[in-house]
Amino acid sequence: MPPPDLLSSQGLRLDGRRPNELRRIRCKLGVFTQPDGSAYLEQGNTKVLAAVYGPHQAAKSKSSVEGVVVNCQYSMATFSTGERKNRPRGDRKSQEMSLHLRQALTAAIKTELYPRSQIDIYIEVLQADGGAYCASVNAATLALVDAGVPLRAYACACSASMAWRGAQPEPLLDVGHVEEAAGGVVLTVASLPSTGSIALLELSHRLHSDYFEMVLSRAMQGCKDIEIVLDKAVREHLAEGWTKQDVVTI
Amino acid sequence: MNGHVTIRLASERVNHCVASSNELPRFYTPGEVISGMQDFMRGHGTYVEDDCIKSSVAGVMQKVNKLICVRPLKSRYVGEIGDVVVGRVLEVQQKRWKIETNSRLDSILQLSSVNLPGGELRRRSAEDEQMMRKHLQEGDLISAEVQSVFSDGSLSLHTRSLKYGKLSQGVLMKVFPSLIKRRKNHFHNLPCGIAIIIGNNGFIWMSPMQRNVIIGENKDEIQNYEHQPINKSDREIMARLKNCVAALVAAKMMLDDSSIMFAYEESLRYDDVKELLDPEVMLDIAFLTQHRLNSIMEE
Amino acid sequence: MAGLLLSSTEKMYILHGVQDDYRSDGRSNIDYRPMELETDVVSHASGSARLRLANTDILVGVKTEIDEPKPNNPGLGKIEFFVDCSANATPEFEGRGGEQLANMISNLMQRAYHSSQAFDLKQLCILEGKQCWKLYVDILILECGGNLCDAVSLAVKAALFNTRIPFVKAALMDGGSVDFQLSDDPYDCKLLEVGNAPLLVTLCKIGNKCVVDPSAEEESCSVISLIVGITGNPKYYSKESKASLNFECKCSTIGMNGPGSVAPETFKAAITQGIIAAKCLDEALGRTLLRERQECGSYKKNSYGFLK
């Protein structure tokens, strides 16, 4: 059972948020010129950069006639964590992260449109403060939008945990580093909120199946909230990049 | 003699957005429903789900009769037959060249789609095949036209016209293809004495004017001519043009001969070409150009 | 990065331009492209900086750790450089693709900072022979638009300028081992003396002339580049201008990169050119850093990072 002190008696969390409150998300599309698409996203103190190259001709060994090959690499800057990391990538955790990213993003990309092509998605975590996977998925989605890659819907990821408020179970949204370290359950969901489908679900620690539903629905609600934030950012980006004469060309 | 060094702070960063108007078009974002299926056909940037046409990219909807497309702000080049492109030779293969055109797949230039020296209509012999690398080698730049689009989306190019073919000395700039305005003509001789090819694929080629018009029979002569240094005044104009295009691109403004020429004329108020690298100056030029374009449209 | 493919005529255009001292964007051979700098961008690091030179983007984080000094240098601290070429810059860097380039740059930096006249390691000493600070300078290359070495060295110097090392409050000697108490107050810390820290200047040989700050296109035209590390002048980095008039920049490292070769005369000319360029860079960097420090004053300014 998770330690009960994740929630104060006033019902506030360790970092002062309410149970259903996301950390502040700030983001920007198109931060680099070289990649086809790029984005920067801050979720609380977790900061992530994403770059997308492609779709371009796939390497012969990877090429598939059925659809585009999605290639992901997750990497963490050596100064991103409290204790210095020795290697930015190549360790087991980041390889697993790469796989999970690929899983979630492939579900969103309309892969069947682009046979024999490849999309490279590179994630660089600049600062990790909990929920790095979620921030990576959200940043990658923005980078894909920036690159003009056709998507079924936004892919958003969010995590949720569980705490007790008295005898009442209370799911917590968007788990931060302190809460992660306190050792509660962490349920991570990557979903396409507008269709309601789940692309990836991961649970760490044990959670009684009675509460699973409740925690999941909170995480899904978080994905929906994140989608709204991302959508707003995309629209702002469009408005900024759209000059008057474009409309005339139609 | 000291070089020129400037370091500015992030707090002084210039926002390159040229706010043009308050009336923004309706934007669609991925997964958003555009309309019911009944009377429309889906085009690029859309897909059908649950009897609805939905957008798959973020951009503006375009309707041509019953066809609905959503055009994203930026993407890889999607070629259409008849487009003028500038491309780079990646690989010499048997009977064809692979060309990089910023498309999703590499484009192809067949040996049968180029003009070979000595008459247009003759069979391609085995000798021609062996001479392919003499004609175009890896790294060379060409201008070409899209001949056809294969079923997988890759492009087949041809250079069977005198205006197309290998490009000589000059500067290439890469911008995203959606910034290129589709025009009848993409070859321009600008009044400042520079020839510019605004490829539909977002590759822009600039070179001094006379160089592209020479058609000599004597190959050595062409070779010699190609290797002549470009004089300083042409070089200066080209540098200025290049920086002007960069300024327009930073402000995400559409490129065609008139916008580039306006930017060039506005830039003349800055004497030194390297001043145009400064972000504030770039914004100024984009702003002035936008102003002139607006006043033309009002007329 | 030698991945860029250019046609022979494009190369010729660039070559003639260098000969004419008029490059394709209007710069002369000794001009740098505009740069943008921000320090204190990574909160998990003791010091950090982001430098953008045209579209070359470098992020540096400095982390501190307590270590034991080497027995042969009991009074000195340690500094270590690590370069990571992020795949964000180019797909070629995916996996271990950027390792060679990364090693080249980190070795170069290590050598440039090796001399005591370049960077005084004594300031990192806590207790002679027992404990010292070890600085990890982690360099992340986010985008490549040519001239990586110069940009890296500028960003590193800015990050070190920004680095705060906590004061040691109390030390307990317990037998042979030492126990420290670090000050908890984040503002109770000392800044490093970085005025002398070296800057690297890449001189890219194109034809028979050398240019500074080559773009990616220019780099692919050149067969060899010389990289010189020149120590900085502390007077640019402090407000009280202690007029050290007869200060002379010293060359702390020389490296060569590329398959070509250079004549000794070119070499000499290149180093002189490098010293001049380094002086300009140093002055500009120092002034910018001081301006930033002055602007944000004592309160924590909001960081722009990649947002704005």
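Helices (H or I, at least four residues) and strands (E, at least two) are DSSP runs, numbered from the N terminus. The model shown is predicted, so local features are given only at pLDDT of at least 70 and side-chain atom pairs only at pLDDT 80 or more, whereas totals for chains, interfaces and linings use all residues. Residues are numbered from 1 along each chain as its sequence is written, and chains are lettered from A, with ligands numbered from 1, in the order in which they are written.

View 1. Chain B holds 6 helices and 18 strands, and 41% of its 299 residues are buried, a residue being buried if 20 or more other C-beta atoms lie within 10 Å of its own, exposed if 12 or fewer, and partly exposed in between, with C-beta atoms placed from the backbone. Two residues are in contact if their C-beta atoms, placed in that way, lie within 7 Å; among the contacts of chain B with a separation of 6 or more, 61% link residues 24 or more positions apart. The contact between the two chains draws 31 residues from chain B and 33 residues from chain A. On the side of chain B that touches chain A there are 15 nonpolar, 9 polar and 7 charged residues, where Ala, Val, Leu, Ile, Met, Phe, Trp, Tyr, Cys and Pro count as nonpolar, Asp, Glu, Lys and Arg as charged, and the others, Gly among them, as polar.

**View 2. Helix 4 and helix 6 of chain B.** The axes of helix 4 (residues 232–250) and helix 6 (residues 279–298) of chain B come within 8 Å and cross at roughly 80°, the axes being lines fitted to C-alpha atoms over the stretch in contact, with angles from 0 to 180 degrees between N-to-C directions. Helix 4 and helix 6 of chain B are therefore roughly perpendicular to each other, a term for angles of 65 to 115 degrees, while those under 35 count as roughly parallel, those over 145 as roughly antiparallel and the rest as oblique. By class, this contact of helix 4 with helix 6 in chain B has 8 nonpolar, 1 polar and no charged residues; the helix 4 side includes B:Cys244 and B:Leu248, and the helix 6 side includes B:Met282 and B:Thr289. Of the 19 residues in helix 4 of chain B, 14 are buried. Just after this helix, B:Lys252 takes a positive phi of about 55°.

**View 3. An open sheet of chain B.** In chain B, 3 strands form an open sheet in the order 3-6-5 with antiparallel pairing, two strands being paired if DSSP finds at least two bridges between them. Strand 3 (33–36) and strand 5 (46–49) of chain B are the edge strands, each pairing on one side only. Strand 3 and strand 6 (residues 52–55) of chain B pair over 3 bridges, and B:Val33 stands opposite B:Lys54 in strand 6 of chain B.

**View 4. The hairpin of strand 7 and strand 8 of chain B.** Strand 7 of chain B pairs with strand 8 (residues 67–72) of chain B in the antiparallel sense over 6 bridges, with B:Val70 in strand 8 as the bridge partner of B:Met61. The two strands form a hairpin with 2 residues between them, and B:Asn65 in the turn has a positive phi of about 50°.
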